[in-house]
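Please keep the view open as you read.

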Amino acid sequence: MTTQNLTTLKGLLTALFLLSFTSVLAQPTTYDGPQSVLIKNGLVKTITQGDLPNTDVYIVNGIIQEIGQDLSVPTNTPVIDATDKVVMPGIVDAHSHLNTVSTNEATSPVTSEITIKESIDPNDVAIYHALAGGVTSINLMHGSANVIGARNATLKLRYGADQFGLQFQEAPQTIKFALGENPTRVHGQGTGVQPRTRMGVERVIRDIFDDAIEYDRKRETYLEQKAAHERRPNRVALPVPVAKNLRLEVISDIIEGDILVHCHSYRADEIMMLVNVFKDYGVENYTFQHANEGFKVAPELAEAGANASVFSDWWAYKFEVYYSTAYNAAILHENGVNTSINSDSNELIRHLNHEAAKVVRYGGISENDALKMITINPAKQLGIDEYVGSLEVGKHGDVSIWSADPLSIYAVNEMTLVDGQVLFNRKTDAPDARLDRAISHDQSFDDLQSEVSESIRGRQDDACMEDAFKLFESGHQSEQSHNY
Amino acid sequence: MKRNDRMGEASLCFWMILFLGSALTATAQTTLPSYGVQGVNVIQSDGTIKSDQTIHWAEGIIRRVSSSETLPSSARILVEGDSLLIVPAFIDGLNHSGLPDAEDPSSYGTPDRPSDPTYDRAGIQPHRLPESEFDVSHSSVAAHQSAGFGAINSSHPGRMMPGQSSLFFTQAEETFSGFESPLYESALGFVFQFEGAGGRAYPATDMAIMARFKQLLYDAEALQQHINYVEGPGAEQMETPQRDAVLESLFPLLNGEKPLMASVESPEDAERVLMLADEFDFPVIFATDADLSPIAPKLVQSATPVLFRFEKPEAPDWIQKETEETEPVENTANESVAADNADDAATDESNSESEQEPDEELSEEEQAFRARQASAWEAKKGALRTMLDAGLMIGVHGYNGNDKDFFEALRFYHEEGEVTSQELLNILSSNTAMILGIERLGTLTEGSVANMIVINGQDWLSEDATRLFTVSNGHVITIDND
């Protein structure tokens, strides 16, 4: 037998051994589409309709069909025994960069033409990590390098689906704005263009809004004249074409109310600046992200109908984030501002229940109101509360099942369902949750461990500036070269 | 794993025409009116192998392919003998060969308006054609000749849209004033890649490249419409449009007349390009070394072909180590290679220790890691097979100039990836021609362009086969096998 044959034989035997091992440790359950299931006899926290002990939740083809006690269902329906468990809606995170391919296009103060929907990595194991924390929907956001960033992507964490299957189809479009240090640092300080100051940030917004209004007028006129010419070519002159401008069309849609603004912000003065700008242009139903000084202007925010999505107790990672308090969420809430607690972190997203619990601890709000801050409130901010955020008949079967009251530090999320399918099961899932398609054939075990360690460690300061910092450091955001 | 029978050196039999002499070098050629090969074996793109064939070509065109026929008296016999094999010359479906290198991105400064750099600074140059700069005597073209490539679809290197590609022969007539144009067909498609502008300039990310691309086509659409209006009736009073060479060059893409030749690194990238194609309704050709089988149904449905780049993938370190561990056993048995110095002895000792390291010492976690990586490695090896089985049309692109590596990669996919040598030959020739829409290349039939490889051996893929000549557009290139 030759060396080559010996080598081949050994390789074959190794592969066979390992492949047999693989059958035991297969990839995690991946999304197959809406499913039917009965979750039986749990303490059901509906969020909007009270807590229901010893209650069943019956999901049919991904939609909650019935909630009640001792429900009768077809005999072939899979059953999850939730006795002594707490059943609550899947958590909604209104601020995440969980699985972006790129987070910041930090080369222009306005990038509304861009969409994060074209920057989704469906293979990132971070999706599974978030499911492990009971999260089922996220606002996958552009970073905060630009005054007006990209449009965001609202996702359902259908782990295993492709970049299209992850998208929350019914969700309205949202877009990222950013005020303060980040855009002034990136553009004014970085490349010497407006904005260099907070005043400049306002100017950028007003200018692009005015440009959009003017564009909209010209484009509409052109399209109307073109249509009229096609109807009556001899009587209506041909119009000079006005090119579609994606950047301005998106801004126009914001003014029209078709796109919801989620604005990175910290200081009360800049928050009020945007409230006033939006008032001038008639923009409504927007959300301030972070809003660490939101508590200072809580009544004004409530009056404007603005939402707030905040950290429970995270601050001091840069100058504009020093004036902060752990009572922020509670004060906003008490003043009538629809408030959510977000993660902005791939680590924190795994225990948003703890973040909500802190609001009870510091602000003294009710436990149900705290849970609302990670379920129905962020769902409202994303315009998806008709579908998720509470356990109600007709809503999506997005559920997390906990070992105890989810606000307890001892509670563990045991199971997470999306569209009725169990996509996280603490008891039965393999330790290695990576998708088959995400496994590299040439990555070392040590490198993988480092990567995982990096991904689950605490939030990096100013995570919203991912990619932008790379641009600062290297001067090049994309340097790879195709050397055919 | 199977290889065709190799022929022994003893059967080598061919005639070199002496007067060709130094004219048959890889760098200096003179067109001869008529050539031929006799008594050779020929592999056609349909897999048929015919023996004792005569091929006659003149002025770059194959005039006759037949058995036992005598060449015209005017034809010069290049080679003859049944030890020789003739296969279609390869076609590189997309490359930068023969063209100057791209500017070093580190030299890019920040433009005055980073958010709106010039077209050139943004890497948007679809109006750029390679003809005027293609240098057939460039070393990268010579490397193609040596590997058996008779034609290259070449485009400028660059960023997001570095230009259009044109098909060139790898040899051309040399005159007193230099080489004649080796161009076969101009402007085959628009090259696109997810390469940002570099430095602090828009676009930097893939998502911005998507948006910038869309806006380019919106602008081109409006300009085309404006030009059509002005040139048509009923627009006498209309102001004339401001002409824009970049936007105007995109009209064929916008009108679906030419493909986007998109370089992608993952199925997700490919899906993003297909989103653009869906919106603007143009054909796409992918250039990649990635396994696109996960999106094969979409590619098949949209009749989107793939130009695959052959590079031998590296096995996981631990599999490589296991493979290497087998070899010392053989070496020990072979006394002639016994280590005879201290360093070697130390190395052997080290190897011996690692050999004895039992797998049981691996943590359960690492064992699981290896199990899944073994599956990933199997999938990687079978990627090309999987894509072929899915019904994708596969061609080749991106030959990197190293024929040893290239043929090693081909043999890897043949031996480890279960792709037949005929399938590989088709990928390298007829499939690529078909993908590029070039009918007269990639086959050895009468009327086709005389592009072929003359091989000493009966298995073109074998390590023992020697490529003697590459014929490109009828020009004979002697391959230096030293």
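**From strands to interface**

S6(B) and S7(B) run parallel and are joined by 4 bridges. Helices (H or I, at least four residues) and strands (E, at least two) are DSSP runs, numbered from the N terminus, and two strands are said to pair if DSSP finds at least two bridges between them. Before going further, note that this is a predicted model, in which local features need pLDDT of at least 70, side-chain atom pairs count only at pLDDT 80 or more, and totals for chains, interfaces and linings use all residues. Residues are numbered from 1 along each chain as its sequence is written, while chains are lettered from A and ligands numbered from 1 in the order in which they are written.

On S7(B), residues 149–154, burial covers 6 of 6 residues; a residue is buried if 20 or more other C-beta atoms lie within 10 Å of its own, exposed if 12 or fewer, and partly exposed in between, with C-beta atoms placed from the backbone. S7(B) also pairs with S8(B), residues 163–169, this time in the antiparallel sense and over 4 bridges. There B:Ser154 has B:Ser166 in S8(B) as its bridge partner.

Now step back to the whole sheet. It is an open sheet of 8 strands in chain B, with the order S6-S7-S8-S11-S12-S13-S14-S15 and mixed pairing. S6 and S15 (394–397) of chain B are the edge strands, each pairing on one side only. Neighbouring strands are turned against each other by 30 degrees on average, direction ignored. Axes here are lines fitted to C-alpha atoms, for helices over the stretch in contact, and angles run from 0 to 180 degrees between N-to-C directions.

H2(B), residues 139–147, touches S6 and S7 of chain B, and its direction makes about 140 degrees with that of S7(B). H6(B) touches S12 (260–263) and S13 (284–288) of chain B, at about 165 degrees to the direction of S13(B). Contact has a set meaning: two residues are in contact if their C-beta atoms, placed from the backbone, lie within 7 Å.

H6(B) has a helical partner too. H3(B) and H6(B) pack with their axes 11 Å apart, at an angle of about 20 degrees, which makes H3(B) roughly parallel to H6(B). Angles under 35 degrees count as roughly parallel, over 145 as roughly antiparallel, 65 to 115 as roughly perpendicular and the rest as oblique. The residues that meet are B:Met210, B:Phe213, B:Lys214 and B:Leu217 from H3(B) and B:Arg272, B:Leu276 and B:Phe280 from H6(B). By class, this contact of H3(B) with H6(B) has 5 nonpolar, no polar and 2 charged residues. Ala, Val, Leu, Ile, Met, Phe, Trp, Tyr, Cys and Pro count as nonpolar, Asp, Glu, Lys and Arg as charged, and the others, Gly among them, as polar.

An open sheet of 6 strands in chain A has the order S8-S10-S11-S12-S13-S14, with mixed pairing. S8 (148–151) and S14 (339–341) of chain A have a single partner strand each, so one side of each is left without a neighbour in the sheet. The twist from one strand to the next averages 25 degrees. Within the sheet, S11(A), residues 259–265, runs parallel to S12(A), residues 287–290, with 4 bridges between them, and A:His262 stands opposite A:Thr287.

H5(A), residues 246–256, lies across S8, S10 (173–178) and S11 of chain A, at about 95 degrees to S11(A). The axes of H5(A) and H4(A), residues 198–231, come within 8 Å and cross at roughly 100 degrees, and the two helices are therefore roughly perpendicular. Among the residues making this contact are A:Phe209 and A:Tyr215 of H4(A) and A:Leu248 and A:Ile251 of H5(A).

Where do the chains meet? The contact takes 60 residues from chain A and 68 residues from chain B. On the chain B side, the elements giving two or more residues include S6 (90–95), H3 (206–231) and H6 (267–280). H10(B) gives the largest share of that side, 15 residues.
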